[in-house]
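Here is a short report on one protein model. It covers sheet order, helix packing and annotated positions.

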Amino acid sequence: MAIEVINVEKGVPVKSWTVGVPFEDGARQQLKNLASLPFIHKWVAAMPDVHFGKGATIGSVIPTTGAIIPAAVGVDIGCGMMAVKTDVRADQLPDSLKELRSNLERAIPHGGGKARKRDPGAWHDIPEDVGQFWQQQLADRFTVLCDKHPVLKNTNNVKHLGTLGTGNHFIEVCLDEQDDVWIMLHSGSRGVGNRIGEHFIRLAKQEMERFFIQLPDRDLSYLVEGTDYFNDYVEAVDWAQDFARINRQVMMGRALKALAVTLNKPVIVEREAVNCHHNYVQKEHHYDKNVWLTRKGAVSAREGQLGIIPGSMGARSFIVRGKGNAESFCSCSHGAGRVMSRTQAKKVVSVEEHALATAHVECRKDAAVVDETPSAYKNIDAVMAAQSDLVEVVHTLRQVVCVKG
DNA sequence: ATGTTC
């Protein structure tokens, strides 16, 4: 399998799994900027869905030693996917999927802004299961974080645990090649993760000024290992990643319940759930060194490890198994990758075109979701072909219901 | 992506 190598003057190379999936010059420059930093271990890896993003390129894998770039992790800390296979078969689903969609929409707070003015996509009263998860796994550590960083206090935190959010966050009902029914969802650490991200991005920028460090891009501001801010960030980011994982777990429980209520029968989960981040940083070992591995829009793909690569609304999604490709730092893409921005998509694609492209899916087809239309994304088949040495496809899923945030 | 807001 061919990869593209971009050599960077006074920096490490960029190794890019983008043969057959061209990407824009802006993203290329961002990758070069990253590769020019003095603390990158070996090289920067770019996945086939790579595209321009704030801070660092979406679809990049960044191994660092002695520093972390908070803006490379971004503000949607721990954003990722969860999927389960159920014992339900396609022919057991009702002819009209409208009721299933509305049951899912009722079971899981979603959306924001005008849709719910007082409590945008949040719990009004905290359900018991949510309260328990919070108390058992998140509450104490959050108190510690707030003591050191009071700016984290006035956030929605527990009120957002088990809620979907907005934008490209979604819940889907899909069918695999044997017509077995899956539930798949995409969400992150919501408002509180966002606050953590923004806070430490600001601190990193301040640190750069304090030490007179010049960078090709202020969004590459970093925290230095050993400093208090670094230690606090590692704690906070780890907490937000747990919040995101639990968030998806809570929603999955509720989605399965909504499916059971709709079918008026118990629903059994047939295979172990896959729950993977695609926007995160953690300690990993690569090429004889312990490094901080930032995956911004990339999924871990160690040998045998299962991951989820969603296509766009109306396209197919994939359950994949990692091949443990060392050169990619054991990673793969996190989706199809955008070819146009949200604003551009809304300008270029009509509501009618969007409705046509998603005709086979029970989903919203109004102007507000046109930015998620399939033609705003790269061709998922080309993206999968470009990473055939990173993952193998275990299941190909097609959506039948999609709830957008 | 989020929260707030014009």
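## Basis

Two strands count as paired if DSSP finds at least two bridges between them. Helices (H or I, at least four residues) and strands (E, at least two) are DSSP runs, numbered from the N terminus. This is a predicted model: local features need pLDDT of at least 70, side-chain atom pairs count only at pLDDT 80 or more, and totals for chains, interfaces and linings use all residues. Residues are numbered from 1 along each chain as its sequence is written, chains are lettered from A and ligands numbered from 1 in the order in which they are written, and side-chain values use heavy atoms, with hydrogens and water left out.

## The sheet

Seven strands make an open sheet with antiparallel pairing, in the order β10-β6-β8-β7-β17-β15-β14. The edges are β10 (274-277) and β14; each has a single partner strand, so one side of each is left without a neighbour in the sheet. On average, neighbouring strands of this sheet are turned by 30 degrees against each other, direction ignored.

Two pairings show the detail. β7 pairs with β17 (residues 391-404) in the antiparallel sense over six bridges. Here C174 stands opposite Q399 in β17. G307 stands opposite V320 in β15. Six residues lie between the strands of this hairpin, and G314 takes a positive phi near 90 degrees.

α3 lies across β7 and β17, running at about 90 degrees to β17. Angles run from 0 to 180 degrees between N-to-C directions, and axes are lines fitted to C-alpha atoms, for helices over the stretch in contact.

Helix α3 (residues 98-107) also packs with helix α6 (residues 228-263), at an angle of about 140 degrees and with axes 9 Å apart. The two are therefore oblique to each other. Angles under 35 degrees count as roughly parallel, over 145 as roughly antiparallel, 65 to 115 as roughly perpendicular and the rest as oblique. The crossing of α3 and α6 is right-handed. A crossing is left-handed if the near helix is turned anticlockwise from the far one by less than a right angle, and right-handed if clockwise.

Contact means heavy atoms within 4.5 Å. From α3, E99, L100, N103, L104 and A107 meet R254, A255, A258, L259, V261 and T262 of α6. The residues of this contact divide into seven nonpolar, two polar and two charged. Ala, Val, Leu, Ile, Met, Phe, Trp, Tyr, Cys and Pro count as nonpolar, Asp, Glu, Lys and Arg as charged, and the others, Gly among them, as polar.

## Helix α5 against α6

Helix α5 (residues 190-210) packs with α6 at about 160 degrees, with axes 10 Å apart. That makes α5 roughly antiparallel to α6. The crossing is left-handed. On the α5 side, the contact includes R190, I196 and F200; on the α6 side, it includes Y233, W239 and F243. By class, this contact has ten nonpolar, two polar and three charged residues.

## Annotated positions

Which residues does UniProt list for "binding site"? An unreviewed entry gives D76 and H169. They span 94 residues in sequence, yet no two of their C-alpha atoms are more than 11.0 Å apart, so they gather at one spot. UniProt positions follow the numbering used here, feature names are shortened, and annotations may be inferred rather than shown by experiment.

D76 lies in the loop between α2 (70-73) and β6 (80-89). H169 lies in the loop between α4 (128-148) and β7 (170-175). Not counting residues up to four places away in sequence, D76 touches H169, G188, S189, R190 and N279.
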